Amino acid sequence: MFLRNYWYVAASNSEVGRKPLRRTILGEPIVLFRLEDGTPVAFEDRCAHRHLPLSMGKLVGDELQCHYHGLRYDQNGRCVRIPGQEQIPPTAKVRTYPVVERYKWIWIWMADPAVADRSNIADFHWLDDPNWGAKSSYLHVKANWQLVVDNLLDLTHLAFVHESTIGNSALAEHANVKVTRAPNNVAVTRWIIDQPAPPTFVKVGGFTSNVDRWQIIDWVPPAFLRLDVGATPTGTGAPEGRRVNGITMRNLNAITPETETTSHYFWGQAHDFDVKNTSLTQKIFEQIQTAFLEDVEVFSAQQQNLDIYSDPPQVDINADTGVLQARRIIDRIRAEEQSASAAAQ
Amino acid sequence: MDEASDWRRIAALSDLRENEPLAATLGDDPIALHKVDGVVYAIGDVCTHEFARLSAGFVEDGMIECPLHQATFDIRTGQCLSPPATADLPVYEVRIDGDVVYVRARSE
């Protein structure tokens, strides 16, 4: 089950243009395109006439024309032309969805448009802030969205899945972890003090001796995870708030459910050092992408097992603290949304 | 402290913060020191439901909530207050001497 009353990332801004893009979001087929002035628009991807995906059609000026019988829809989803017919029935319209372009992503509101408030879009400013170097990307995941959230809330997996890049054994065995929670937020703070830097940090940070490394995970529902990560040479004061001679990065994640068993994974990596160095940005990005492709394999393998065993028993370990708190918040919000929707009917 | 006594030196009082449990061991037993309203308590630190270090959980209103499955315990008495745990936690005597927190090892 999905949470509906949130802005989700529908696409990277570069994916949406004058060629209609079909994308399934929360189980609903959506078509995304831009008007001639660049404004992004989202419709339900189904012609009101005979259900062909409108994404198979084409834009004529600011109107989307169905590939089948040529019906044209304006930016409000109203049919404005039926070839060979003067009268247009009032029911000839398609559902539209509020969309906003922000942080190089196209955000979509899947619930009641009357309550869409763009000030509720989660903050991902690092992706287009001139004080940061950043690159973002997209991965298709063959797994339920919550498996991705779980992954990012328990970073002990870095020691095992990502040994060649961002992980090492220090992370699981020599860490001090603190979980804090609020009604709509979970934060997991991990400090790894006076331990060797993992391979990626050595490559991009040039560390030659032990480091104090932090991972501060900030989750807000349903699936937005902003990780403040970095390291400084041991003993230079990072745990007390002085970050000198080290590297600070943001690992940024927005997961959008596609179906119950597949997800759109929008992510980016930002760095606050040497921010104009695009080859550095690319180098960092490639390191993290290597790790994320390893995660994507894990997710689909988990999902395949979950498809075989329906709701199998599972063991919880201490490292699951953040995961379990977030899952409880998601369950609570889901119940609230369901009772509000039942009351409305 | 006399070696023959069963009081063990566990922590410095100045290292204890209000509502921030400190994990420790007493012999082989995982315990946690808690400071609530200025008073120091020592209780068992393993949830009586499944294995979890309670000190990694959440302190609210004199209770500790298990980080995994939400069982709660009274920090002052060790009493189990909510499921899925049903058994109480062991409670240990605490003595403060200057900046040193001593906990009495149980004599079973």
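In what order do the four strands of the open sheet in chain A stand, and is the pairing parallel or antiparallel? The order is 5-6-7-8 and the pairing is antiparallel, where two strands pair if DSSP finds at least two bridges between them, and where strands (E, at least two residues) and helices (H or I, at least four residues) are DSSP runs numbered from the N terminus. This is a predicted model, in which local features need pLDDT of at least 70 and side-chain atom pairs count only at pLDDT 80 or more, while totals for chains, interfaces and linings use all residues. Residues are numbered from 1 along each chain as its sequence is written, chains are lettered from A and ligands numbered from 1 in the order in which they are written, and side-chain values use heavy atoms, with hydrogens and water left out.

Within that sheet of chain A, strand 5 (58-60) and strand 8 (79-81) stand at the edges with a single partner strand each, so one side of each is left without a neighbour in the sheet. Strand 8 of chain A pairs with strand 7 (residues 72-73) of chain A in the antiparallel sense over two bridges, and A:Cys79 in strand 8 is the bridge partner of A:Tyr73.

Chain B also holds an open sheet of four strands, here in the order 2-3-4-9 with antiparallel pairing. Its edges are strand 2 (22-26) and strand 9 (91-92) of chain B, each having a single partner strand, so that one side of each is left without a neighbour in the sheet. Strand 4 (residues 39-44) of chain B is joined to strand 9 of chain B by two bridges, the strands running antiparallel, and B:Ile43 has B:Val91 as its bridge partner in strand 9. The loop between strand 8 (80-82) and strand 9 of chain B contains B:Pro84, and the peptide bond from B:Pro83 to B:Pro84 is cis, with omega near 10 degrees.

Chain A has a cis bond as well: the peptide bond from A:Pro221 to A:Pro222 is cis with omega near -5 degrees, and A:Pro222 is found in the loop between strand 15 (211-220) and strand 16 (224-233) of chain A. As background, most peptide bonds are trans, and most residues other than glycine have a negative phi. A:Asp194, which is not a glycine, has a positive phi of about 55 degrees, and A:Asp194 belongs to strand 14 (residues 185-195) of chain A. A positive phi near 55 degrees is also taken by A:Tyr103, in the hairpin of strand 10 and strand 11 of chain A, which has two residues between the strands. Four bridges join strand 10 (residues 99-102) to strand 11 (residues 105-109) of chain A, these strands running antiparallel, and A:Ile106 in strand 11 is the bridge partner of A:Glu101.

Over all chains, the structure holds 14 aromatic pairs, counted where rings of Phe, Tyr and Trp (its six-membered ring) have centres within 6.5 Å, with planes under 30 degrees apart taken as stacked, over 60 as edge-to-face and the rest as tilted. One of these pairs is the edge-to-face pair of A:Phe33 and A:Phe43, 5.2 Å centre to centre with 80 degrees between the planes.

Where the two chains meet, eleven residues of chain A are in contact (heavy atoms within 4.5 Å) with eleven residues of chain B. The buried area, meaning the accessible area (1.4 Å probe) lost on putting the two parts together and summed over both, is about 980 Å², of which carbon and sulfur atoms give 42%. In chain A, A:Arg181, A:Asn318 and A:Arg328 lose the most area to chain B, together 51% of what that side buries.

Between the chains the count is two salt bridges, each being a side-chain nitrogen of Lys or Arg within 4 Å of a carboxyl oxygen of Asp or Glu. A:Arg181 forms a salt bridge with B:Glu60, the closest N and O atoms being 3.3 Å apart. On the side of chain A that touches chain B, strand 13 (175-182) and helix 6 (321-344) of chain A each supply at least two residues, and helix 6 gives the most, with four residues.
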